[in-house]
Amino acid sequence: NNSFSKFLCKYRVMKAAKEIRFEEKSLAEIARDVGFTSYQYFARAFKAHIGCSPSAYFNLQKEASKK
């Protein structure tokens, strides 16, 4: 029952989450790379799908990689 735009948004967020883990880019660059034109929209969508902000997710991934 999801519309294509909701599917695409979730796909882009999941792709961004993967890039945050493995790429050495800024969050704004990652947002642009996966297709978001507005960082604010990206941050809201990311939080809705992942449960935390992109910067919090980045920090969690950085801490996890140190262990």
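Analyst: A salt bridge is taken here as a side-chain nitrogen of Lys or Arg lying within 4 Å of a carboxyl oxygen of Asp or Glu. By this rule the count comes to 2 salt bridges. The model is predicted: local features need pLDDT of at least 70 and side-chain atom pairs pLDDT 80 or more, while totals for chains, interfaces and linings use all residues. Residues are numbered from 1 along each chain as its sequence is written, and side-chain values use heavy atoms, with hydrogens and water left out.

User: Which residues are linked in a network of salt bridges?

Analyst: The network joins Glu19, Lys25 and Asp33. Between glutamate 19 and lysine 25, the closest N and O atoms are 3.9 Å apart. Lysine 25 also forms a salt bridge with aspartate 33, where the closest N and O atoms are 2.5 Å apart.

User: What is isoleucine 20 in contact with, leaving aside its neighbours within four places in sequence?

Analyst: Isoleucine 20 lies in helix 1 and counts as buried, at 5% relative accessibility. Beyond those neighbours, its contacts are Leu27, Ile30, Phe46, Pro54, Tyr57 and Phe58. For tyrosine 57, the separation from isoleucine 20 is 37 residues in sequence and 8.1 Å in space, C-alpha to C-alpha. Arginine 32 has its place in helix 2, residues 27-33, and is exposed, with a relative accessible area of 55%. For the protein chain, residues 24 or more positions apart account for 44% of the contacts with a separation of 6 or more.

User: How are aromatic pairs classified, and how many does the structure hold?

Analyst: Rings of Phe, Tyr and Trp (its six-membered ring) pair if their centres lie within 6.5 Å; planes under 30 degrees apart count as stacked, over 60 as edge-to-face, and the rest as tilted. The structure holds 7 aromatic pairs. In the pair of tyrosine 39 and phenylalanine 42, the ring centres are 5.7 Å apart and the planes stand at 55 degrees, so this pair is tilted. These two residues are 3 residues apart in helix 3 (residues 39-50), which means a separation of about one helical turn. Tyrosine 39 is partly exposed at 31% relative accessible area, whereas phenylalanine 42 is buried at 0%. An aromatic cluster is formed by Phe36, Tyr39, Tyr41, Phe42, Phe46 and Tyr57.

User: Which residues make a nonpolar surface patch?

Analyst: Patches are made of residues with over 30% relative accessible area and no salt bridge; like charges are joined within 9 Å, and nonpolar side chains (Val, Leu, Ile, Met, Phe, Trp, Tyr) within 5 Å. Accessible areas come from the Shrake-Rupley method with a 1.4 Å probe, and for residues only the protein chains shown count as cover. Phe4, Phe7 and Tyr11 make a nonpolar patch of about 390 Å². Tyrosine 11 has its place in helix 1, residues 4-22, and is partly exposed at 48% relative accessibility. The accessible surface of the protein chain comes to about 4900 Å², of which 52% belongs to carbon and sulfur atoms.

User: What radius of gyration does the protein chain have?

Analyst: The radius of gyration is taken over C-alpha atoms, and the globule rule is 2.2 Å times the number of residues to the power 0.38. With 67 residues, a compact globule would come near 11 Å; the protein chain has 12 Å, which agrees. Along the principal axes, the C-alpha atoms fill a box of roughly 40 × 20 × 15 Å.

Note on methods. Helices (H or I, at least four residues) and strands (E, at least two) are DSSP runs, numbered from the N terminus. Buried means under 20% relative accessible area, exposed over 50%, partly exposed in between (1.4 Å probe, protein chains only). Contact means heavy atoms within 4.5 Å.
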